[in-house]
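I opened my notebook to look up a few things in this one.

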Amino acid sequence: MKLFSSIGAYLLMMKGMFTKPENLKMYWKELMHQSAEIGIGSLGIVAVISVFMGAVSAVQTAYQLTSPILPKETISQIVRDTVILEFAPTLVCIVLAGVVGSKIAGELGNMRVSEQIDALEIMGINTKSYLVAPKILGALITIPLLVILAMVLGIWGGRLAGSLGGILSADTYDRGLLENFVPKNVWFALVKAYTFAFIISSVSSFYGYNVKGGALEIGRASTIAVITSCILILFADYLLAFFIL
Amino acid sequence: MIEIKNVSKSFDDKEILKNISAVMETGKTNLIIGTSGSGKTVLQKCMVGLFEVDSGDIIFDGKDLTTMSEEDRKELRQQIGMLFQGSALFDSMTVEQNVKFPLDMFTKWNHQKKMDRVNDVLERVELKGTNKKYPAEISGGMKKRVGIARAIVLKPKYLFCDEPNSGLDPQTSMVIDKLIHEITKENNMTTVINTHDMNSVMEIGENILYLYQGKKEWEGNNKEIIFNKSARLNEFIFASEFLKDAKDMRMLEEKGIIDNDRNMEQIMRDGGSNLVIGDEDRKE
């Protein structure tokens, strides 16, 4: 029953976001602030993960492809498709669920516990609209961009690992990248990115916004937000793959 | 003026407020007092619309909050300023940004006009020169004053304060009480203060509502409170050692030795030192 009441409360929170802003300029300012926090704040970790993700992918693919029949270009094709289809959208978003999700839940939880949300409500501001909506919109703007960056850096990481490790030359790697490329994969990856961005931001906002208690509950809300986001991301990943591919 | 008519509120079958009726008067500091758990904060949150009442009416100068549309509520809320127990300052903003926030949100003023208003209210609460500091960099008393500045920057008609002296030393508490009282008079606001600080009650309690277990137990002012006949209220106010002398005053009044027209401020200041109270006077 608690699951159904949580789902109901979540849907009510989402519905409550759709009201006329009290001051469009202030809402825009908050949206830009959240976009910068989510996007630029996560740039470093996404870059590092992506490069190493691509590098490890190349090394391990080369390890497994021992047959001399298969050309070296196969390694780069596998790295490309793995990074685009799975590692960039899913793995990066799982990491972002921890980084961004815990930040959103913690921030809103702290605001709830210290009565800052009540202070905004007393002023006549719709806090669901002013606090939650910019986080969701900011995530929808910046997380797909981070996923695109992850794709580029992941593929480049594979190229770097391949050439530095003597696995395959950069030219061979580049030739492989161009072979059998399916553009639909990029589109699919972006569908995943938008879906996961929505899950991360809305679920974390829900848990943070509805914290009741003190510091312990804020920590608990952050943890539950991350766990729930990760589970929903994996579930959505499977469903999207099943229905689209 | 705020009228509370037969307000009741429950949480999970537990009745917190039981049929409370009272009037919060304009231009006065109206205090809601009571022990912890008596329902003070719940009553105040019902009055500002953070909680919905189960029954009863809350009327702001003729407009009933309980039957208002969402748009009308929003409009009313812009006439309300609130000081929270923990100040509720926005951590990521400076003092100046905190005080300027309601102006940015609800006015179309240019930047200079907003800054002039911000500087005026900061000067009024004696915080000139702290504009660029963050909440984490200022003391508890200063945070309360920033909270007051933010609450009054839009010149509200109604000011609510939830335990404004919580966590403050006695001297700073008096400064905050005096500030709230002066601002109430200057702007002819209806101020409602939740407190269990007897110093505040005696200093600025122009209209006092005492709650006991969710019910209105007593209503009066700071001149009448010492001479009240409610056993529960007496247990509450005389728990303070400071008012032991006041209890002696009450006994002397009952014996007809003094009368209750005496200036209470003078009595509290003297601690009754100008009266000789012997053991025979203390005998009931």
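My entries follow, and I keep in mind that this is a predicted model.

**Entry 1: a helix pair in chain A.** I started with helix H2 (residues 24-64) of chain A and helix H3 (residues 73-113) of chain A. Their axes lie 9 Å apart, and the two pack at an angle of about 145°. I noted the crossing of H2(A) and H3(A) as right-handed. Sorted by class, the contact of H2(A) with H3(A) has 19 nonpolar residues, 6 polar ones and no charged residues.

**Entry 2: the nonpolar core.** Next I looked up the largest nonpolar core, which has 127 residues. Among those with the most contacts inside it are Ala88(A), Val92(A) and Val147(A), along with Met82(B) and Phe160(B). H3(A) gives the largest share of this core, 15 residues. I then picked Val147(A) and asked what it touches, leaving aside neighbours within four places in sequence. Val147(A) is in contact with Ala88(A), Pro89(A), Val92(A), Ala189(A) and Ala193(A).

**Entry 3: where the chains meet.** I found 13 residues of chain A in contact with 15 residues of chain B. On the chain A side, helix H4 (residues 116-122) supplies the largest share, 5 residues. That side divides into 5 nonpolar, 4 polar and 4 charged residues.

**Entry 4: strand S7 of chain B.** Is S7(B) enclosed or open? S7(B) is largely enclosed by the rest of the structure, because 5 of its 5 residues are buried. Tyr158(B), Phe160(B) and Asp162(B) point one way from S7(B), while Leu159(B) and Cys161(B) point the other way. I checked the strands it pairs with too. Strand S6 (residues 80-83) of chain B runs parallel to S7(B), joined by 4 bridges, and Leu83(B) stands opposite Cys161(B). Strand S8 (residues 190-195) of chain B also runs parallel to S7(B), with 5 bridges; there Thr190(B) is the bridge partner of Tyr158(B).

**Entry 5: two positive phi values in chain B.** Glu163(B) is not a glycine, yet has a positive phi of about 45°. I placed Glu163(B) in the loop between strand S7 (158-162) and helix H6 (170-187) of chain B. Glu163(B) counts as buried because 20 other C-beta atoms lie within 10 Å, and the cut-off is 20 or more. Asp13(B), also not a glycine, has a positive phi near 70°. I found Asp13(B) in the loop between strand S1 (2-11) and strand S2 (14-24) of chain B. Asp13(B) has 5 other C-beta atoms within 10 Å, so I put it down as exposed.

How values were computed: Residues are numbered from 1 along each chain as its sequence is written. Chains are lettered from A and ligands numbered from 1 in the order in which they are written. This is a predicted model: local features need pLDDT of at least 70, side-chain atom pairs count only at pLDDT 80 or more; totals for chains, interfaces and linings use all residues. Axes are lines fitted to C-alpha atoms, for helices over the stretch in contact, and angles run from 0 to 180 degrees between N-to-C directions. A crossing is left-handed if the near helix is turned anticlockwise from the far one by less than a right angle, and right-handed if clockwise. Ala, Val, Leu, Ile, Met, Phe, Trp, Tyr, Cys and Pro count as nonpolar, Asp, Glu, Lys and Arg as charged, and the others, Gly among them, as polar. Two residues are in contact if their C-beta atoms, placed from the backbone, lie within 7 Å. A residue is buried if 20 or more other C-beta atoms lie within 10 Å of its own, exposed if 12 or fewer, and partly exposed in between; C-beta atoms are placed from the backbone. A nonpolar core is a set of buried Ala, Val, Leu, Ile, Met, Phe, Trp, Tyr and Cys residues joined through C-beta atoms within 7 Å. Two strands pair if DSSP finds at least two bridges between them.
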